[in-house]
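I opened this notebook to record what I looked up in one protein model. The sequence and the structure come before the entries.

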Amino acid sequence: MINMIDMTKYLDVFIEESKELFNNLNQALLELESNPDDISVINEVFRLIHTLKGMAGTLGFEKTAQLTHRLEDELQEVRSNKKKVNKKLLDILFKALDYLDESIEAISQTGKESDKTFDFFEDTERQEIQFNSYEERIILTAKEMSMKAFMIRIELSKDCIMKSVRAFMVFRALENLGEIIKSVPIVQDIEDEKFENDFTVVLLSKAGEEKIYKDLSNISEIERIIIKEVVLNKNSLAEDEKNIIEQKADKQKNNITIDKPEQEYLINNHSSEKAKKAGKTVRVDIERLDVLLNLVSELIIQKTRLAGLEINDESSVFNETLEQLERITVDLHDAVMKVRMVPLETVFSRFPRMIRNLSNELNKDMELIITGANTELDRTVVDEIGEPLIHLLRNSADHGLESNEERKKLGKPEKGKIYLRAFQEGNHVIIEVEDDGKGLDFNKIKEKALEKNLINREKLNSMSEQGIIELLFMPGFSTANEITDISGRGVGLDVVKTKIQSLGGTIDIATKPGEGTKFSIHLPLTLAIMKALMITCGNEKYALKMDSIQQIIEINSADIRMVQKKEAIMVRNNLIPILRLDKVLGVPEKSENEDVYTVVLAKSGEQFIGLVVDSILGQQEIVQKPLGKYLSAINISNSATILGDGSVALILNVNYLIQLINNL
C-alpha cells in the first residue's frame, strides 16, 4: 500500500495521465460505435480501461478502480464472443466515461473521488453467465428432478484481508445446499485470490432463495449477495459454444496451431509501441516552461538593449559577436516555443462526444468531421480555446443545421455535417467551424436587434451585410425563440469574441443562405514574443503587432474626406476609416499644421483601419508583458513591452481601435 504522503507525491502525475487516457478512451468509444465488430478497437478500449484501473487502484481510488473493473468484465464478455457490442452496452460505456471524467475532475480539485454513485449497471445483466451445451443439459436435467439453478454473486467487503478463505466458506455453505456446477472466475483462480472483490457461482439446489441467503449471511466480510434463478428451456442452444467447437474442429483439420489469441497479441504489440514512445517523452510542469520562457524573454530584451548602445569600438569583432548573439537568441526562443507547443487534438478530442449528445438532444442527425487536429499551438492558447469552440459547435448544431424533416424537403442529405478544421498559416493558426446548414437569416438578425433595443432602425437600414453579421457579437444578442439548455440565454458569440481577442486573435463569419455558415478564428502561435512595428505619437513610443499591419502610406490632408461624420481615405478603391491616435491616446498634437500624414493600415478580420501616427521607428522583436489585474480595464492596450533603453511601450489593441471607430 502507498501511504498518503506518497499518494500526494504522485497525484499530479495520476491526474495528467488519467486525463490523457480519458481523451483516448473517448475517441476509442466513438470509433467503437462506428465499428462495433472491430476487435482491435475493442482491445484498445479494454487496454485503456485496464490501465486506468491499475493507476486508480495503486493510489487507492477505489470507486474508480471498481467501476473500471466492472467495465473490464463487460468488455471481456465481448472479447470472448459471449456478447456483442450493442447500443445498450455503448450507453453504459459512455455513462461510465462521464462518471470517470467527473471523478477525475473531483480528484484534481479536492484530491478525493466524486461522491456520486454509479447506478447505470443492471445487477441482473452484470450477473449473466454464458453456459455451454453440457452445462445446459445438466441444468435441464436438474429441473426434471425438481431442482432449481441459481446464479449467486458474492461481493466481499473492500477491507477483506483473506479473500480466498471467505470464498472457501461460501463454497462450503453452498455445497451443503446442493451442487456447484460453475464459477466465474474458475475455482483455481478463486483459491489463488486472482479476483477482485466479487465472484459468481451457479448452484443446483432444492432449497429456496431465502434459505441460500440466510446461510450465506452468516459468513462475515460479505458486503452483498445477489441471487437470481436461471431459467432455460429445452430449445435453448449455446450458439457461442457450438461456434467455438466448430472453429476448433476446422483448425485441427487444417493442422493449424494457435499458441496465443489474436486479440492478446494486438494488445501486447500496441503496449510495446506505447512503451517505446513513452521512453522518449518527459512530462514537464507548464510553470517550469513559463519560467524558462521568461528567462529567454529577458535575454531578448538585453540583446535589444545591447544593439542600441553606442559603442566606440565599432570593430568587426563586436558586430560579429552581436550577430552571433542574435542567432543564438532566436534559436533558443524557437526551441523553447516548440517545447510549449501541443497539438489541438487535446481539445478537439472531446468534441465528437459532445456532438453525439447534441444529436440525441436536438433529435437531429449530424456528424462532426475533424481535420488538422495535429496542428500545434502554444499550450497557454490551447488551454483557453476550448470554451469558445464549444460555443461555436453548439451554435452550429442548434442554429446552423436544419431539422431532419427540413433537410429532406430541401433535398439535402438528412445527416447534417459540422466541420472542425485547423491549419497553420505563417505565424498564425486558423481554426474553422463550418456547417452545411441554412446560413444566417439577415432579416431575423435585424428583427432581434431591434427587439432587444441593441440598435436603432435608421442605423440598421444603412448597414452592410458585414455590419449586420457583427451584430451577432453584441452582448445579449440571440436569435433563439426560446430559452433551452443549449441556447437562448444571451451568452454566446460576444463571450467567444472577447475570449479570442484576449488571446490576441480575431474571429470572422462567412455565410451563404441555404448552404451554411463558417466561423474562422485566427490565433497567434505564441502570446509571449512577437514582431512589432514601433511607432511614435507625441513624445511616447507604442507598438503594433506586425500580424495586423498591412501597409504604411503617406497621404495629403486633401485626401481625407468625411463619410457619415467619420474621417476616411480611399486606398485601392476601398474606403477606409482613419483614426488619429494622438486624440485617442490623449497626447499633445504637433504644433505645426502638416499637409502630409503617416498612416499605418491595419486589419482585424475583414475590417481595415488607418492609424495616423507621428513617425515610424521600424520593426522590432518584442516581449509581451501583461499589464496586470489593476490595469485590466484599459481596453486600448492589455499588454506592454520593455524596450532596449529600459523604457516601457504599450502594445496597442487593433481590435479595440476598430471597435472604437465603428461606434463613433
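The entries below go from the whole chain to single strands, helices and residues.

**Ground rules.** I am working from a predicted model, in which local features need pLDDT of at least 70 and side-chain atom pairs count only at pLDDT 80 or more, while totals for chains, interfaces and linings use all residues. Residues are numbered from 1 along each chain as its sequence is written, and side-chain values use heavy atoms, with hydrogens and water left out.

**Whole protein.** Of the 664 residues, 43% are buried, buried meaning under 20% relative accessible area with a 1.4 Å probe and protein chains only. The accessible surface is about 36900 Å², and carbon and sulfur atoms hold 48% of that area, as computed by the Shrake-Rupley method with a 1.4 Å probe. Among contacts (heavy atoms within 4.5 Å) with a separation of 6 or more, 70% are between residues 24 or more positions apart.

I then turned to β9 (residues 428-435), in which seven of the eight residues are buried. Strand β8 (residues 416-425) pairs with β9 in the antiparallel sense over eight bridges, a pair being two strands with at least two bridges found by DSSP. The two strands β8 and β9 form a hairpin with two residues between them, and Gly 426 in that turn has a positive phi of about 65 degrees. On its way through β9 I noted Ile 430, which is the bridge partner of Phe 423 and also has His 522 of β11 as a bridge partner. The pairing of β9 with β11 (residues 516-524) is likewise antiparallel, over eight bridges.

Why is β18 largely enclosed by the rest of the structure? I found that seven of the nine residues of β18 (residues 596-604) are buried, so the strand is largely enclosed. Seven bridges join β18 to the antiparallel β14 (residues 549-556), with Asn 556 and Val 596 as bridge partners. Seven bridges also join β18 to β19 (residues 607-613), again antiparallel, and here Thr 598 stands opposite Val 613.

**The six-stranded sheet.** I traced an open sheet with mixed pairing in the order β20-β12-β13-β23-β22-β21. At the edges stand β20 (615-623) and β21 (625-626), each with a single partner strand, so one side of each has no neighbour in the sheet. Strand β21 pairs with β22 (residues 639-642) in the antiparallel sense over two bridges, and Pro 626 stands opposite Ser 639.

**Asn 653.** I placed this residue in the loop between β23 (648-651) and α23 (654-662). Asn 653 is buried, with a relative accessible area of 16%, and apart from its neighbours within four places in sequence it is in contact with Asn 635, Ile 636, Ser 637 and Asn 638.

**Helices α15 and α16.** The axes of α15 (residues 351-362) and α16 (residues 379-400) come within 11 Å and cross at roughly 30 degrees, the axes being lines fitted to C-alpha atoms over the stretch in contact and the angles running from 0 to 180 degrees between N-to-C directions. The contact includes Phe 351, Met 354 and Leu 358 of α15, and Leu 389, Ile 390 and Arg 394 of α16.

Note on methods
Helices (H or I, at least four residues) and strands (E, at least two) are DSSP runs, numbered from the N terminus. Buried means under 20% relative accessible area, exposed over 50%, partly exposed in between (1.4 Å probe, protein chains only).
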